[in-house]
Structures are given as C-alpha cells and as structure tokens.
Amino acid sequence: MNRAFIFCLLALSSSLSAASKPNIILILADDLGAKELSCYGSKVHQTPNLDRMAAEGTRFETFYAMPLCTPTRVCLMTGQYGCHNGFLGMANPAFKPLKTDPKAEIGNHFTHADLMKSAGYTTAQSGKWQLSGVLPTLVRDCGFDEYRMWAYDQNLPPGIKHPAHERGDGGNAARYWQASIIDNGNYLPTKPDDYGPDFFNDFVIDFARRHKSEPFFIYYTSVLTHGPHLETPDPVHPGKRWPATFKSNLEYLDHLMGKLFASLKSEGLDDNTLLIFIGDNGTGGDGKGTVTELGARTPCIIRGPGVKRGVVSRAVADLTDIMPTLADFGGATLPKDEPFDGHSLGPVLRGEKEKHRDWIYSHLDDGRVLRDSRWLLEIAKAGKGEKFFDCGESRDGTGYKDVTDSTEPEVKAARARFASILATMPEPKPHPGMEPKTGKKNQKSEEAVTAPPPASLKDKDARYAFRDKNKDGRIDHDEFVTTASSKDPAANEARFKKLDTNHDGGITKEEFLNEGKTAK
C-alpha cells in the first residue's frame, strides 16, 4: 500500500488532540543485558539515573530482545518477528532477506516512525543505525524528519574519508573518540577529544528543546555499551577520563541518561514525556549472540504520564510489544494490512492488569527461545539440540532446573503447550540452496565441516578462512567452537572471549590476526 495513503488514513483515525499527546523517547542501549543495571541486581555497576527512572516508573523483570543487533532493530522498528519482517538473523545471509527481496531495505517496511508521523508527531533518530539505505535519505526513508547517526565508512558522502578508526572494532570508523557522524545527510567533522556519545545525547536534547511545542518521537539508539570499551570522559573532572572498562562505559551511559532527564525537566517536558529504555541483546561476551535467555533478556524500564510508579512487573514482554505500546500512548492506529506480533503494554503500565501475555519469543537464524512465566525453552541453531527449564518463580537464571529429559506429566504438558505455540509460526529455515552442506556426494561430511584446521595450516589468514565456514567475514561462536583444535570447552570459551575484543559475538579477521599483538 502507498505510504502516503497510509499516513492519510491513519492521521484521520487519530482520536487524540496534539496537545494531549505525550512526547515519546525510545532509548535502545547497545549490548546491554538486564543483569548489568543495579536496579536489576548488579552489585558491580552503579546506575543511579536508570535506577531512579525505574523507581519513578515500571520495570519489567522479563523482557526479550533478539540475541543480536540487526534482527532486534528490525523487529523493534516493525513490531514483527523475523518470520514476518524477513530478518531471522544477522551474519548468516541464509537467514536474511535476499538482496532482490524488497524486505531487504528497511525503508520498504512500515516503521514505528511512520506510525508516529501518522499520529502527528515530528520524528528523529540519533546514534547507531547499522541498517540498509543510501545517503542522504537512508534514515529519512524510514519516517524520520531529522537524524544524527554514527556512520560506517560506506555511509559517508562521496569523497569524504573519516580520519579515525577504532582498533578492535573490525576497522569501522570511530563511534567513540573523534566519532564518524552524519548529521541530516551531512558529514559532521569531529576532533580527537570529541566523544561520540556526547554528540548523540546532545542532539536528542536539542531536538526535544526545538520541538517542545509539538509532540515528538525520538528513537535514541545509543552506541554505548558496545565494544571496544575505551576510556570515557570523567563527568566530575573535565579533561580527565574514566578507565577503559565495560563498567566505565555503562556508568557513562547512565550519566548521559541523567543529563537527558535533567534537560527534560528544565524544559518543562518531564511530566509529558514517555521514556522507554531497553537493550538490543545480551551483554557482549556474556550472552550476546547465544540462543539463550542470557542472550535475549534485556532491561525494559518505562516512565511517564499514565505509567504506574515504583512497579516491578512480572508480566513477560518482548520487542514486538513496543510498537503497539507506541500506538496506544500516541493515539495512532496500526495498519490493518500488516501483521503485528505484539500487544500494547498500556494496560500493565496503567495498572489496569498485572498479566500481559502468555509467552514471549526470541530468535537467531533457526535457533529459538520461548518463555512464559515459569517455563523456558532454548532451541540451538542448526538442530544442535534443545534445553527445557523449569524456572519456578525465578526470572534471572538463578535456580532454573533443567528438565529436558524429564518424563513428569507436568513437564510433558508444558512441552506440548510450547510445541503448539511454535506450530503457529513458520519454522525458521535457510533460503533454498543455502542450507548447510552435508552428505557425501560433492560435499564435506559433517565431521569435515566441524573439524579443526589441519596442523599443516600454519598461515593465520588461511586458518581464518578455514574457520569462517559460511564465508560471511566473521567467525561466530558456533564456528569457533566446532573448529577449535583444543578439546577443552572452558579453554575454547576463554579464547573466544579474548579474541572477540569488541564483544559482538563474532571474531573479525582483524581481531583474529591481532591476537598476541601489543596495542599501540
């Protein structure tokens, strides 16, 4: 359906006046599992501003994203699981839309920004993009009026070469110190002491200030806390820096949230702005990229007009619920000709009911995670088994009981119910002709596919090529483990984490070749 026609229809159906609509800021933190925030139980990290946001709003104990970046971002922007939006995975092309498929371009989807514009909102995006599109319209194609994005080299205008690249980040143009930034289609030069997250946060604050007289929707896709975990500015001592640790990166993100919240208050926007804070997947190096609850469970904190304060909700929820929630609070109508997989969190947020939905879902390639208030099913990728847990009343992984092999009637009944839920969705499969190669004729056997590199293969470039089985330019966790020379699982896990210096769940060629080298 024509996008402009959709806008006209939806705008006519909006029942709220502009004056009564809340502003909405949707914040997506990068590589941040729920367990890292002190309001979720961390004893290591101090996150007072996000803790205060939780105390003044509703915090969901069990909220799922996808285990990796791209499927999360597409799901969040479309309100659809990968079976509907086409993005089942990220690195493996067998589980993404083919280049000839219109779904491959995010601008061809109906997005949350399109939804909010249909209800009279002015819209903006700030931070990480990492989706399709071509300058200068790549972000505007998705319904945003303005944007400030961290830019890869391929996102820069013709003739522009950004001078700073961060080692340990796959050779990408810098996102942190002397960040590579495109501002509304134009290259924004930065200096060595300019810190990218400050620029993205300042853009959000400025956009809110400039549009305070009209309802606005800001999609704030933070580059923090993705690796590399470099030094951050020291907010208390200008000119000095906090150490290069994950803790510093997370606590600086919390500092930026405090700065944003204070600005909203000083501008008189605090009482009429709905704030939503979530993560895009589990923590880098500790969950991210794994088809497990640890890979899928992220924070979800919502505060603002109409939201009950001080609530710790045990309602299970996932990414697909955000789009209907935006429609609910923004007075918008979801198009009838699009499938939406979630439900508005509004009734829970307003205190109208405690339970939200019966189950939540996450996926990566053909791996799946299914959860309800008690039971948890984790199905590994490529048919490599599954695990079933009785979680009891626990929500953070502690005390989960592995009942995979149990024949107890209660367990069997729960498994049958989960099977019936999965049967309502298309089974995730690779594109025809892109299935893993198995069998004997003209193909390697399974043993050969998962064998370690031969001892004679001394050249590191050749070893990397051997271990990158799907030839996508990175060695994912499964590829690394199944091609490891060592038979010690703990040693293999430790080496994977060491090599994955940017904690994105995969090893780039740069990371592989730099092993053992001293950083300059």
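I started with the largest cavity and listed its lining: Tyr81, Cys83, Leu88, Tyr361, His363, Met425, Pro426 and Pro428. This is a predicted model, so I keep that in mind for every entry below. By class, the lining has seven nonpolar residues, one polar and no charged ones. The space inside comes to about 30 Å³. I also checked how many cavities of 30 Å³ or more there are, and the count is one.

Next, the sheet. I traced 10 strands in an open sheet with mixed pairing, and I wrote the order down as β7-β6-β5-β4-β8-β1-β11-β12-β2-β13. Which strands sit at the edges? They are β7 (186-188) and β13 (311-313), and each of them pairs on one side only. From one strand to the next I get an average twist of 15 degrees.

I then zoomed in on one pair in that sheet. Strand β2 (residues 58-60) and strand β12 (residues 300-303) run antiparallel, and two bridges join them. Looking across from Arg59, I find Ile301 of β12 standing opposite.

What packs on the sheet?

On to a helix pair. I took helix α2 (residues 48-55) and helix α7 (residues 246-266): their axes come within 7 Å and cross at roughly 55 degrees. I therefore log α2 and α7 as oblique to each other. On the α2 side, the residues that meet α7 are Pro48, Asn49, Leu50, Arg52 and Met53. On the α7 side I noted Asp254, His255, Met257, Gly258 and Phe261. The residues of this α2 with α7 contact divide into five nonpolar, three polar and two charged.

Pro136 has its place in the loop between β4 and β5 (146-150). I found another cis bond from Leu224 to Thr225, with omega near 15 degrees. Thr225 is in the loop between β8 and β9 (232-233).

Asp31 lies in the loop between β1 and α2.

How values were computed:
Residues are numbered from 1 along each chain as its sequence is written. This is a predicted model: local features need pLDDT of at least 70, side-chain atom pairs count only at pLDDT 80 or more; totals for chains, interfaces and linings use all residues. Side-chain values use heavy atoms; hydrogens and water are left out. Axes are lines fitted to C-alpha atoms, for helices over the stretch in contact, and angles run from 0 to 180 degrees between N-to-C directions. Helices (H or I, at least four residues) and strands (E, at least two) are DSSP runs, numbered from the N terminus. Angles under 35 degrees count as roughly parallel, over 145 as roughly antiparallel, 65 to 115 as roughly perpendicular and the rest as oblique. Contact means heavy atoms within 4.5 Å. Ala, Val, Leu, Ile, Met, Phe, Trp, Tyr, Cys and Pro count as nonpolar, Asp, Glu, Lys and Arg as charged, and the others, Gly among them, as polar. On a 1 Å grid over the protein atoms alone, a cavity is a set of points where a 1.4 Å probe fits but cannot get out, and a pocket is an open set with protein on both sides within 12 Å along at least five of seven lines; lining residues have an atom within 4 Å of a point. Grid points are joined across faces, edges and corners, and a volume is the space filled by probe spheres set on the points. Two strands pair if DSSP finds at least two bridges between them.
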